[in-house]
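Welcome! Please open the structure in your viewer, and we will walk through it one selection at a time.

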Amino acid sequence: MDNKIDKVPIHLKITLTTKEAAEYSNIGINKIDHMLRSPGCPFVLFVGTKKLVKRKEFEEYISQRFVI
């Protein structure tokens, strides 16, 4: 039997890790982590102490900015 688990493509995930968000957006991991720590960040989701990126909100945030 094949025990391979199919991974969900990044563009279909609801939340992303910092590493996935960096890969998806071509923005550095450190910059994304800094953005997630800023007060009122509209795309951060805390799961315990883990920070995840809400993909759709992240896309909207990026599309409305000229400079990050």
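Helices (H or I, at least four residues) and strands (E, at least two) are DSSP runs, numbered from the N terminus. This is a predicted model, where local features need pLDDT of at least 70, side-chain atom pairs count only at pLDDT 80 or more, and totals for chains, interfaces and linings use all residues. Residues are numbered from 1 along each chain as its sequence is written, and side-chain values use heavy atoms, leaving out hydrogens and water.

Start with Cys41, which sits in the loop between H2 and strand S2 (44-47). Is Cys41 buried or exposed? Cys41 counts as buried because its relative accessibility is 13%, and buried means under 20% relative accessible area (1.4 Å probe, protein chains only). Leaving aside residues up to four places away in sequence, Cys41 touches Met35 and Leu36; contact means heavy atoms within 4.5 Å.

Now select Leu36. With the sequence neighbours up to four places away not counted, Leu36 touches Thr18, Cys41, Phe43, Val44, Lys51, Leu52 and Val53.

Leu36 also belongs to the largest nonpolar core, which has 13 residues. Such a core is a set of buried Ala, Val, Leu, Ile, Met, Phe, Trp, Tyr and Cys residues joined through side-chain atoms within 4.5 Å. Among the residues with the most contacts inside this core are Ala21, Ile32 and Phe58. H2 gives the largest share of this core, three residues.

Finish with the two helices: select H1 (residues 18-25) and H2 (residues 29-37). Which residues meet there? Thr18, Lys19, Ala21, Ala22 and Ser25 in H1 meet Ile29, Ile32, Asp33 and Leu36 in H2.

Conventions. Axes fitted to C-alpha atoms, helices over the stretch in contact; angles between N-to-C directions. Buried < 20%, exposed > 50% of the residue type's maximum accessible area, 1.4 Å probe, protein only.
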